[in-house]
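This briefing goes with the sequence and model displayed below.

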Amino acid sequence: MMTARGNGSTPGFLVLGTLITGGVSAFWWRRHPSWWVAPRNHYYYLAGGTLAGVILSAMIPFLNGAGPWFVLGAALATYGYFERLRLLVTVGGAVAFTGFLAMVIQVDVWGGALQLISAGILAFAANKLYVLRNGRRREVQDSDPSFIGSFQEYDEEERVGF
């Protein structure tokens, strides 16, 4: 998104990437639906509203090219609200806030820093969602090689002292 002309002066690339990613995600989403906590029509309205918001906000010149960024963050927060997942609501709000700051602040360096912060927030959330779904990796227990084959035998008549 960064060029020499503003924080998000090439929103066309973001819109094109959003359309491609949205198409692939819609195909995957159709085959593997989410929990559908909210009514199904809410998800379709969210997808249509996000698509319209991304395209229309990319055309507004005074948003400094960061309109689609803000819309995608707001859509993520709304999706988190539908799924009752506070992590997605928080992350979506943070991404929308950084997009809003990129719209207001006209300095290129701050736009790049906000993009890095936004990408870091999304990476953190992706890791948290992965851990929520799959659990944490367990540490491998090191075993002593000399232990193999040296089992202690107990006398059945002797009392076991635990």
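The points below are grouped by topic.

This is a predicted model, in which local features need pLDDT of at least 70 and side-chain atom pairs count only at pLDDT 80 or more, while totals for chains, interfaces and linings use all residues. Residues are numbered from 1 along each chain as its sequence is written, and side-chain values use heavy atoms, with hydrogens and water left out.

**Overall make-up**

- The protein has 5 helices and 0 strands, where helices (H or I, at least four residues) and strands (E, at least two) are DSSP runs numbered from the N terminus.
- Read from the N terminus, the order of elements is α-α-α-α-α.
- Of the 162 residues, 29% are buried (under 20% relative accessible area, with exposed meaning over 50% and partly exposed in between; 1.4 Å probe, protein chains only).
- Among contacts (heavy atoms within 4.5 Å) with a separation of 6 or more, 63% join residues 24 or more positions apart.
- The accessible surface is about 12,000 Å², and carbon and sulfur atoms hold 64% of it; areas come from the Shrake-Rupley method with a 1.4 Å probe.

**Helix 4 and helix 5**

- Helix 4 (residues 86–104) packs against helix 5 (residues 108–134) at about 170 degrees, with the axes 9 Å apart; axes are lines fitted to C-alpha atoms over the stretch in contact, and angles run from 0 to 180 degrees between N-to-C directions.
- The two helices are therefore roughly antiparallel, a term for angles over 145 degrees.
- On the helix 4 side, the contact includes Leu-87, Leu-88, Val-91, Val-95 and Leu-101, and on the helix 5 side Leu-114, Ile-117, Ile-121, Lys-128 and Leu-129.
- By class, this contact has 13 nonpolar, 2 polar and 1 charged residues (nonpolar: Ala, Val, Leu, Ile, Met, Phe, Trp, Tyr, Cys and Pro; charged: Asp, Glu, Lys and Arg; polar: the others, Gly among them).

**Nonpolar cores**

- The largest nonpolar core has 10 residues, namely Leu-14, Leu-63, Ala-66, Trp-69, Val-91, Val-95, Ala-102, Met-103, Leu-114 and Ala-125; such a core is a set of buried Ala, Val, Leu, Ile, Met, Phe, Trp, Tyr and Cys residues joined through side-chain atoms within 4.5 Å.
- Helix 4 and helix 5 are the elements that give two or more residues to this core, and helix 4 supplies the largest share, 4 residues.
- Another core, apart from this one, has 6 residues, including Ala-38, Leu-46, Ala-75 and Phe-82.

**Arg-84**

- Arg-84 lies in the loop between helix 3 (67–83) and helix 4.
- Phi of Arg-84 is positive, near 60 degrees.
- Most residues other than glycine have a negative phi.
- Arg-84 is exposed, at 57% relative accessible area.

Note on methods: Parallel < 35°, antiparallel > 145°, perpendicular 65-115°, else oblique.
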